[in-house]
Every structure is written in structure tokens, then in C-alpha cells.
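These are my notebook entries on one structure.

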Amino acid sequence: MTAPTFLADAPARRDLLDERLARFGDWLRQHGWMIRAVQWVIVGVYGVLVIVPALLPLPDNTAHIWTNLTLAAQFAFWGIWWPFVLLSMVLVGRAWCGVLCPEGALSEFASRWSRGYAVPRWITWQGWPFLAFAGTTVYGQMTSVYGYPKPVLAVLGGSTVAAIVVGLLYGRNKRVWCRYLCPVNGVFAVLSKLAPISFQVDRAAWAASPKPVRGSEHFNCAPLVPVKAMRGSGSCHMCGRCSGHRGAVRLALRSPNHEIVHVAGNEPSLEQTVLILFGMLALAVGAFQWSSSPWFVEAKQIAATWLIEHGITWPLEMSAPWFVLTNYPDHSDVMTLLDGGLLLAYIGAATVILGLAVSGIVALATLALGGWSLRRFHHLTQTLIPVAGCGVFLGLSALTVTFLRGDGIVIPYVSEIRAAMLTGAGLWSVWLAWRVAGLGAGGLQRAAATACIASAVTLSVANWVLLFWVW
């Protein structure tokens, strides 16, 4: 096939792929019962992996992933589940949420018998995406959730119970928990903006179609998305229930850059800006770094020396119950009050210092485009999503490598893969910045703004270089 023929056939292949995707979206709508069956299977597996290991004795040094349920559950959750759920957001949007998530399925199921209360204002508070992400991340570090089953039961089990309770109280056949309170809802909404497929709404076709007769073409959007006005995919759970509605909704391809460049600027989101700058680019770095950081060790030595010199020894000797701080003396793994305090201080310092540093750089990029604009600041922040998401994925996938290495399985070229991913994500963010800056400026202004975002990308990448290659 010659190059001109290949290029000429490209639109036809795109149309064919869009047609197949649209049919698949319709298939999801028509086979909702099958999706529900799959969800209940996952609920069962999820329940076993969360509850049973917490009731078993901790594994000894001779146990392996394939011989011990506790280790298998840890690897399933932290080595496979969460890293690749994050990756799936970038590839296929929030299909995990709408098709596979056990917590969402249970919340919606409970909502069938909901009291039907109106969703109160405190639930819709815009600060939840950051606060929920920060709270679960920090608490998980304090209790070593990646290494022990009881914290898993507390974090994941507690979240699931809360999701069911919210379902029983608010809405009817809805996912109020998923829409507003899920600890990873904000991260999922941010990453899904990069997905190359999404459910898209043809507003002209919607307006031109006759209004459906009540009950004839009704669909239930469980995550409470205003489908008629939907332009992006951040809130869509990709369940397919709206596919084909009024001949205007269909699953289709799009450019992975489209939503960041052409939609995000028209939908400024303070909660997402805070989550990206202070959560994914700052707090997550501190959470993954602290246990390997020589700065943490040095700070601990300085603090311990000062306390001993002043006759204060209780922070070095006292701990707390396992549900507050890691406390497993039989496994020589006990976190003292000093450890816990310094952990919080390290993560807090990383959150504030890195968050303010990146925010300042994005502010400079905003000013470079001709003056201050809060809308433009939000828009430029969105260009950092690729590098922010890549960092969180690499932090979680480091657990995958650690679990496998502990069982003697060494993944080849790990360093090279990490370097390639960070480089690719960084260049993607810079390209997005160039595109966004070009919407309202050109020449030196566009170049200066892009250079500022490139500096923010460099700072972000440098944090992961420290973790993976320096420390």
C-alpha cells in the first residue's frame, strides 16, 4: 500500500472504527444485565480479598504470592488493581467505574432502597476530591496499608461501607458516593480527560429529535451526569446506558488532546486545579518518597538527638494502635510517635513546598500570555495531567516491582521503562501547554508560557528521578 493510498483510506478507517465503537456502546446498553453479573462476581472476589486476609495470621518469610492468600491479596490490590485501574482511565476513560467497580455497584444497589433524601450541600462541597485523596493517601502511609491486611480492611472496607450508607440515604438508583465522595473520584476524573474514546453528545441531533414519550426511551445516569450538556468525559462512567439516546449519544474516537485543549478552558475547576497541583504533583510525591528519603532519615536523627539531649524519650518509645500507626512488633515493624509525626511533617512539607512551587510556575506561564486570568491559570494547570498521572502510576507500580522481586521475579528493563514513561508524559504535557498557549497568544508569549510549563514538568520529573535513580 503506498503512502498516498494509506492516507486516503484513513478517514474511511476512522469512520469504520467509530461505527464499531458506536455499536459497542449500544451493546453495553442492551446487555446491562451482563455488566451487573460481572460486577457481582467482582464484588464477591473483592469481599474475599478485603475481609479474609484480615482474619488470618500474618504470613511468615517463607510465604509466596501464589501460596498465601494475604500476600496474593496485597499483590492483587496494590500490585495489579490500583496501578492498572489508573492506567485504564487514560486508555478507556472511566469504564472501570461504570462496568467493574465493586464499590460503585454496591452503592447503586443499596440506592434501590434509598430513603431518597436530597443530596445535602456538604456532600457536594468542592473540596472533597482533594481532601478525600489526601486523607486516604496519608492514612495509608501511617498504617502501612500496602503491607498489612487490617489497614486494607479499614481503608477499603470502610470506604465501601460508607458508599453503601450514602446509597441508602441519598438519591434513588444513583451513585451519589461515586459522584461526590469517592476518594479517587477526582483523580479518575482528571486522568479520563486523556482517554482517546468517550461517549459524545451531538447537541444538534439532540435538539432536532422529538422528545421521547415518558417511559419509552428513558435511561438512568447513575453518576448524575447532565448528559445533554456533557462535553468532557471526566464524570462519565462509560456504562453505555445513554448510548443512542435521541440519536445523539454515541461512543466514538477523539484526540487524547481534545478535552484538555478545547474543553478544559471553558470549564474551569478549582477542585481539579488544587488536586493536580497540591495532590498529584506534591502530596503523592511526599507519600511515595518519605520511606526512601535521606532527608527523612536526617530529620529523624536530628529530632531524636534533640529530644534525648532534653530528656524527652517518650516520642521515641511510644507507638499507637495499628489503626493509627503501623504497630506489628512480631514482625519488627513499629512506627513510633516520632516516626508518625515526621511522616506527617514530610508529606505536609512536600505538599506545601512543591504545590506552591508548581503553582507559582503555572502563574508565571499565565502572566506570560498577557496578564493574569484565573480561567487561563486553571487551563494551563490541566496541561500537567500527563506528567502528574504518570508519576502516581509509577509510584504505585513500584509496589508491583517490589512484590514480584520479593518472590524472586525480576521484571527486565524497569529503569528504562520508567525513564521512557516520564519522558513521554513530560513531552506530552509540554505539547499540551504549547497548544493551550497558542489559543490566545503567539510568538514570544506562547514560547515563554510553554517554557514555564516545561519548568514545572522538569520539577515534577526530578522528584521521581530522586526516588527511582538517586536514592
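**Trp78 and the cores**

I looked up Trp78 and found that, residues up to four places away in sequence not counted, Trp78 touches Pro83, Val145, Tyr146, Val152, Leu156, Leu396, Leu399, Thr400 and Phe403; contact means heavy atoms within 4.5 Å. I note that the model is predicted, that local features need pLDDT of at least 70 and side-chain atom pairs pLDDT 80 or more, while totals for chains, interfaces and linings use all residues. Residues are numbered from 1 along each chain as its sequence is written, and side-chain values use heavy atoms, with hydrogens and water left out.

I then turned to the largest nonpolar core, which has 107 residues; Phe77, Trp78, Leu156, Phe188 and Leu384 touch the most other members. Such a core is a set of buried Ala, Val, Leu, Ile, Met, Phe, Trp, Tyr and Cys residues joined through side-chain atoms within 4.5 Å. Buried means under 20% relative accessible area, exposed over 50%, and partly exposed in between (1.4 Å probe, protein chains only). A second, separate core has 21 residues, including Leu21, Trp206, Met238 and Cys242.

**The largest pocket**

I recorded a volume of about 1200 Å³ for the largest pocket. Of its 39 lining residues, Tyr146, Gly147, Leu399, Thr402 and Phe403 are the closest to the centre. Helix H17 (385-406) is among the elements that give two or more residues to this lining, and H17 gives the most, with six. On a 1 Å grid over the protein atoms alone, a pocket is an open set of points with protein on both sides within 12 Å along at least five of seven lines, a cavity is a set where a 1.4 Å probe fits but cannot get out, and lining residues have an atom within 4 Å of a point. Grid points are joined across faces, edges and corners, and a volume is the space filled by probe spheres set on them. Helices (H or I, at least four residues) and strands (E, at least two) are DSSP runs, numbered from the N terminus.

**The cavities**

I found two cavities of 30 Å³ or more in the whole structure. The largest has a volume of about 100 Å³; Cys221, Val227, Cys236, Cys239 and Cys242 lie nearest its centre among 16 lining residues.

**Strand S1**

Five bridges join S1 to strand S2 (residues 249-253), and the two run antiparallel; strands pair if DSSP finds at least two bridges between them.
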